[in-house]
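Subject: A structure for you to look at

Hi,

Here is the structure I said I would pass on.

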Amino acid sequence: MADQATAIRNTPLAGLRGGSPAAILTPAAPASRISLRASPDAVSALSAALGVTLPVRPKTSASTGKRHALWLGPDEWLVIDEDGKDLMAAAASSDVMHSAVDISHRNTAVIVSGPGAEVAINSGCPQDLSLAIFPVGACSRTVLGKAEIVLLRTAEDTFRVECWRSFSPFVFGLLSEGAEDAGH
């Protein structure tokens with residue numbers, strides 16, 4: 001078989017920094033991602049194959065090292081590997097019926113951190129992000145302005161904002177404005 005060329009993609013937010021002392025914005029490093037759909041009877045085998053327990057309750061996530069599984073629906077997860085490992089191969093090794101789509105190049109992420117992180121995100125997101133309602137490990141698919149995002153709280157003052165790379169300049173810009181407001 002002939003060698004296949006692989007597209008090299010630039011990170012859409014490379015070199016950008018933003019925010020304020022209250023809320024710092026950092027483009028996340030490239031990561032592997034799959035959109036995963038499976039029935040409840042496949043969860044155990046997929047969890048074992050992926051090396052991270054697929055959560056089965058709304059608004060929850062699970063992490064093992066730099067691999068994260070985010071519950072998006074009763075049969076839907078976003079799985080992220082920050083080390084860029086082959087998630088498609090891992091899911092395929094489960095030998096159970098599932099649907100997995102590699103979305104590594106479709107998505108990108110912004111890390112929002114600092115004491116004003118909630119305020120910065122809430123400048124465009126209507127969801128209650130207070131620690132009592134949205135604790136560490138909570139995740140949800142929601143909106144930021146007019147863009148769909150997947151939000152994961154990774155620490156008391158840190159969030160991972162996943163978005164489609166085509167919306168990333170808008171998302172970064174809106175978060176930058178929110179971060180400036182959080183600093184006042």
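In this protein, 59% of the contacts with a separation of 6 or more are between residues 24 or more positions apart. Before you go further, keep in mind that this is a predicted model.

**The overall picture**

The protein's secondary structure comes to 4 helices and 11 strands.

As for what is hidden, buried residues make up 46% of the 184 residues. The accessible surface comes to about 9,200 Å², and 56% of that belongs to carbon and sulfur atoms. On the charge side, there are 15 positive and 19 negative side chains, and the centres of the two sets lie 2 Å apart.

**The cores**

A bit of background for this part: in soluble globular proteins, nonpolar side chains tend to be buried together. Here, the largest nonpolar core has 26 residues. Those with the most contacts inside that core are Val112, Ile121, Leu144, Leu151, Val161, Val171 and Leu175. Several elements each supply at least two residues of this core: strands S8 (107–113), S10 (147–155) and S11 (158–164), plus helices H3 (117–122) and H4 (168–182). Which of them gives the most? That is H4, with 6 residues.

Leaving aside its neighbours within four places in sequence, Leu175 is in contact with Leu25, Val110, Val112, Ala120, Ile121, Leu144 and Val161. Apart from this core lies another one, of 18 residues, and among them are Ala42, Leu50, Leu54 and Leu87.

Start with Thr158, which lies in strand S11. Is Thr158 buried or exposed? Its relative accessibility is 16%, and the cut-off for buried is under 20%, so Thr158 counts as buried. Not counting residues up to four places away in sequence, Thr158 touches Ile111, Val112, Ser113, Leu152 and Arg153.

Next, go to Glu76, in strand S6. Glu76 also counts as buried, because its relative accessibility is 13%. If you leave out its neighbours within four places in sequence, Glu76 is in contact with Ser35, Leu36, Arg37, Leu70, Trp71 and Arg141. For a sense of distance, Glu76 and Pro58 are 18 residues apart in sequence and 11 Å apart in space, C-alpha to C-alpha.

Gly73 is in strand S5, which covers residues 67–73. With a relative accessible area of 6%, Gly73 is buried. From Gly73 to Ser99 you count 26 residues in sequence and 14 Å in space, C-alpha to C-alpha.

Now find Glu82, in the loop between strand S6 (76–81) and helix H2 (87–92). Glu82 counts as partly exposed, at 33% relative accessibility. How far apart are the C-alpha atoms of Glu82 and Ala29? They are separated by 7.4 Å, although the two residues are 53 residues apart along the chain. Leaving aside neighbours within four places in sequence, Glu82 is in contact with Pro30, Ala31, Lys66, His68 and Arg160.

**Two backbone angles to check**

One more piece of background: most residues other than glycine have a negative phi. Two residues here go the other way. Lys59 has a phi near 65°, a positive value in a residue other than glycine. You will find Lys59 in the loop between helix H1 (43–50) and strand S4 (61–64), and Lys59 is partly exposed, with a relative accessible area of 32%.

Asp95 has a positive phi too, of about 60°, although it is not a glycine. Its place is in the loop between H2 and strand S7 (99–102). Asp95 is exposed, because its relative accessible area of 71% is over the 50% cut-off.

Cheers

Definitions and conventions:
Residues numbered from 1 in each chain as written. Predicted model: local features only at pLDDT ≥ 70, side-chain atom pairs only at ≥ 80, totals over all residues. Heavy atoms only, no water. Buried < 20%, exposed > 50% of the residue type's maximum accessible area, 1.4 Å probe, protein only. Contact = heavy atoms within 4.5 Å. Areas by Shrake-Rupley, 256 points an atom, 1.4 Å probe, with all protein chains shown as cover. Lys, Arg positive; Asp, Glu negative; His and termini not counted. Charge placed at Lys NZ, Arg CZ, Asp CG, Glu CD. Core = buried A, V, L, I, M, F, W, Y, C linked by side-chain atoms within 4.5 Å.
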